[in-house]
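Dear colleague,

I am passing on the structure below, and I would be grateful if you could look through it alongside these notes. After it comes a short account of what was found.

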Amino acid sequence: MDYRALGGLLKAARINAKYKQSDVAEKMDVTFQNISSWELGKSKIDIESLIRICRLYGIDFVQTLQSVSDDEQPKNAPEDSPGSDELNEIIELVNKIPRDQWPEIKGMLKLLAYQAAEAAKQISDRMA
């Protein structure tokens, strides 16, 4: 994912929605430095925050991710890695999750992210 491109998109959406960084920070319960860092691509926005900010700005979460994601399968990816179609299906499902259910699934998403990171590390280690 291109975090600079994502940041630029988020900044444009914020300006279009007529919010200041401080307004967004207050609504998101983060600091304005977080908003600035995300918009500059200096830090990675977590999935929950990205979903919330997309809803706040009135932009589509799936389209946002698609516009900054690489559509092609990474080189040397395992054969059983999901392709962009499968990932898009997952993203669409996440986008449909009602806000009141986020606390229930947040732990599961963190576990999946951790497992994905561990799998990526193992693959990277094997390729080295």
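**A salt bridge, and how the helices pack**

The side chains of R14 and E39 meet in a salt bridge, with 2.5 Å from N to O (a salt bridge being a side-chain nitrogen of Lys or Arg within 4 Å of a carboxyl oxygen of Asp or Glu). This pair links distant parts of the chain, since R14 lies in helix α1 (residues 3–16) and E39 in helix α3 (residues 32–40), 25 residues apart. Both R14 and E39 are buried (buried means under 20% relative accessible area, exposed over 50%, and partly exposed in between, with a 1.4 Å probe and protein chains only). A search of the whole structure finds one salt bridge.

Please keep in mind that this is a predicted model, in which local features need pLDDT of at least 70 and side-chain atom pairs count only at pLDDT 80 or more, while totals for chains, interfaces and linings use all residues. Residues are numbered from 1 along each chain as its sequence is written, and side-chain values use heavy atoms, with hydrogens and water left out. The helices are DSSP runs (H or I, at least four residues), numbered from the N terminus.

Turning to the packing, the axes of helix α2 (residues 21–28) and α3 come within 8 Å and cross at roughly 110° (axes are lines fitted to C-alpha atoms, for helices over the stretch in contact, and angles run from 0 to 180 degrees between N-to-C directions). The two helices α2 and α3 are therefore roughly perpendicular to each other (angles under 35 degrees count as roughly parallel, over 145 as roughly antiparallel, 65 to 115 as roughly perpendicular, and the rest as oblique). The contact is made by Q21, S22, V24, A25 and M28 of α2, and by F32, I35, S36, W38 and E39 of α3 (contact means heavy atoms within 4.5 Å). One of these residues, S22, counts as partly exposed at 41% relative accessibility, and its C-alpha is 10.0 Å from that of N34, although S22 and N34 are twelve residues apart in sequence.

Helix α2 also packs with α4, at an angle of about 120° and with their axes 11 Å apart, and α2 and α4 are therefore oblique to each other. Here V24, K27 and M28 in α2 meet S49, R52, I53, L56 and Y57 in α4.

Helix α4 covers residues 47–57, and its buried residues are S49, L50, I51, R52, I53, C54 and Y57. At its start, a side-chain oxygen of D46 reaches to within 3.3 Å of the backbone nitrogen of E48, and α4 is followed by G58, whose phi is positive, near 75°.

The axes of α1 and α5 come within 9 Å and cross at roughly 140°, and α1 and α5 are therefore oblique to each other. In this pair, A5, L6 and L9 of α1 meet T64, S67 and V68 of α5. T64 has its place in helix α5 (residues 61–68) and is buried, with a relative accessible area of 4%. Leaving aside its neighbours within four places in sequence, T64 is in contact with L6, L9, C54 and I59.

How values were computed: A polar contact is a pair of N or O atoms within 3.5 Å; within protein, one must be able to donate a hydrogen and the other to accept it, and residues adjacent in sequence count only if both atoms are side-chain atoms.
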